[in-house]
Each structure stands twice: as C-alpha cells, then as structure tokens.
Amino acid sequence: MTVVSTHFRIYGRCRGDECGITMAAIEIFSSSVTYKYKSRIHSCASIVVFLFIVLSLITPLFIIYNAGGIWMKNRMHAEMPDVHFIYKYLLLAEIDSFKEPIVCSTFTTYKENDIKDQCPIIKVRENDINADGQKDSLRFEAHFYTDKPVKSLRLLLFFNFQLKHLIQATIESIGVFDQILNQDVQEIRFFGDLELRQKGILRSEGLYEIYNHSIELSDYSLPDLLLYSFNRKFSARITNERVTWKTGFSSDEPVVVIGELFYAENFIYYQPSVWEELKWAWVQYLSCLLVFAYVAKHILVFLFTNRYLNTYIVRPWTKI
C-alpha cells in the first residue's frame, strides 16, 4: 500500500515538460491587422491616392479601346431558316439566237404577254433528309422537246425563307441557275447549296418586314427582276455548284434538266443591342480593372508602410 501511494504522489506532481511530453500547436485561424492612414483632403498623400484611383479606373479603358474597343460593332448568328419551294419557276432554254426560247413556267404572263408552258413533265420533290420535320433539299426535274440542241439554259426557282430567332421575317427570293452549253447535250444535271445571302448588317428588326411580299414576273422584266432580287437586303444564291451532262442529242428524246439543291445553314450578321453590349463590356473592363487595382493597392501599401507619405496612423488597439 505504501508503494502504491508513493507512486500516485509522484505522478500527480509530474508536469508535461518534466515527463518529456511535447504538445504540438497548429494554426487554426488568422486575421489581418488593419492600419488606417488619415490625412487632410488637400495633403500630398490624399492627392497621390486620388491619382492612383483615377489611373486604376481609366487605364483599362485605354487598353481595351486600343485592343479593338469595348463595344462589339457586329456579331454573327447562325440559323437554319425554314425553307420552302413555293412551286413557282421559270425555265428558259435558248436554242437559236433568232428564235424564241423554250419556256417552262408557272407564270402565265410576262410583260403583258401570255406565256405558254412547253414542258410536258415537271417533277418537284422536297426531302427531309435527317427526319427532323424540316425540309432539307429540293429536287427539280423538267422534260421538254426541241428540234435543235440547247445552247444555253436559265432556271429561276422561287423560295420562301422564314427566319424565326434573330428577326421574325418571311422572305421570298430566287435561286438562279445559268449555264452556257458548248456541246450538244440530252440531259443536264446540277446540284449545289441554297443559302440566303445578306447584304449589310442588320440594324433594326422592323426594316425587314418590307420583304414579306410575293414576287411576280408580271411586275418586272427579267433583267429588272434579277437586279431587284440582287439588291435586296436578303437574296438567295446557289453556291458550291456542280454541273454534269450527258452528251449527244436526239430530237425524238426529251431534253431533261435535273437540279438538286440542299438548304444550307445561314450566318446572319447584326449589330448587338445595348443590353447585349453591356453583357460583354463589363467582363472586359472588370478583368483589366482587377489587375490595376491590385497593383495600385500594393504600391500604396509600400508608400505608407515605409513612411514616404506623411499621414496619421490609426492602430486597431489604440484610440485617438
């Protein structure tokens, strides 16, 4: 019993340092000590701080302006318009410079003259290639008879382009195929992309509703019609055009014209609105401002802590 009581007495008096036990300390929290530097409003220190603030706010504007400007002058919008062939066409086949061309058309008059359709067979089919409910291509086929080989061919196809996303407009325009034939052919095939050509940048949505009307051949001569279509803000054109033909000619066989057009995605160029401009402008400005504000702050900390500027120092643990 005595040994046990002595043991308890010694252990109770043992301290951590005496027993060789070391307590590890870890940093669990830290906070900064904030010094306040005060000075009169007309002092040199106040002027220096004011200049750094102004430079931090203005310098990003100069950098962004020289790098292309903070405002976007134009943007590009990709859209697949809803394209429909409206079953209006005009086919002119020249066989002799001294004779009237062979005409195939859905129009009945041209400059107050009656048009006689000379194509016994016309085949038109629009295809939905990817089965998304929207037409993707047009196949046009015309058959006509002639006693002489065709020297040149001109085909006008009328389409409706419906834009839905950026502007709400339905635009009727003309896809034109022209071909001069240097040899006798019995069949001619062409294919290409049909796209909506834009002339100029969109600046107002309301301006483009004036194109939502039908184009009639009786209102224009053929050169005027093509010029009118070309000068519009939006007009159709056939790109990536490829032409093949079958040589040889027989008056007993019909001349066949086959065309296949694929409706292409269009890029519309427009001037952004004020809200769209602001959405991107503040990102550019803020990214530059943070850099200059960081540099300016550390320069001022260096000047004040090394007493290059005379100020009153307010420490957090003292009261003035």
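## Exercises on a predicted model

Arg-307 counts as partly exposed because its relative accessibility is 47%; buried means under 20% relative accessible area, exposed over 50%, and partly exposed in between, with a 1.4 Å probe and protein chains only. The model is predicted, so local features need pLDDT of at least 70 and side-chain atom pairs count only at pLDDT 80 or more, while totals for chains, interfaces and linings use all residues. Residues are numbered from 1 along each chain as its sequence is written, and side-chain values use heavy atoms, without hydrogens and water.

**Exercise 1.** Describe the backbone and the place of Arg-307 and of Ala-131.

Solution.
- Step 1: Arg-307 is not a glycine, yet its phi is positive, near 60°.
- Step 2: Arg-307 sits in the loop between α4 (274–305) and β15 (312–314); helices (H or I, at least four residues) and strands (E, at least two) are DSSP runs, numbered from the N terminus.
- Step 3: Ala-131, also not a glycine, has a positive phi of about 55°.
- Step 4: The loop between β7 (121–127) and β8 (137–144) holds Ala-131.
- Step 5: Ala-131 counts as exposed because its relative accessibility is 66%.

**Exercise 2.** Work out the strand order of the open sheet with 4 strands and state what packs on the sheet.

Solution.
- Step 1: The order is β4-β3-β9-β10, with antiparallel pairing; two strands pair if DSSP finds at least two bridges between them.
- Step 2: β4 (102–105) and β10 (169–180) are the edge strands, each pairing on one side only.
- Step 3: Direction ignored, neighbouring strands of this sheet are turned by 15° against each other on average; axes are lines fitted to C-alpha atoms, for helices over the stretch in contact, and angles run from 0 to 180 degrees between N-to-C directions.
- Step 4: Strand β9 (residues 152–163) is joined to β10 by 12 bridges, and Gln-162 stands opposite Thr-170 in β10.
- Step 5: Helix α3 (residues 222–230) packs on the sheet and touches β3 (82–94), β9 and β10, where contact means heavy atoms within 4.5 Å. The direction of α3 makes about 40° with that of β9.

**Exercise 3.** Characterise the salt bridge between Lys-148 and Asp-96.

Solution.
- Step 1: A salt bridge is a side-chain nitrogen of Lys or Arg within 4 Å of a carboxyl oxygen of Asp or Glu; the structure holds 8.
- Step 2: For Lys-148 and Asp-96, the N to O distance is 3.5 Å.
- Step 3: Lys-148 is in the loop between β8 and β9 and Asp-96 in the loop between β3 and β4, 52 residues apart.
- Step 4: Lys-148 is partly exposed at 30%, and Asp-96 is partly exposed at 22%.
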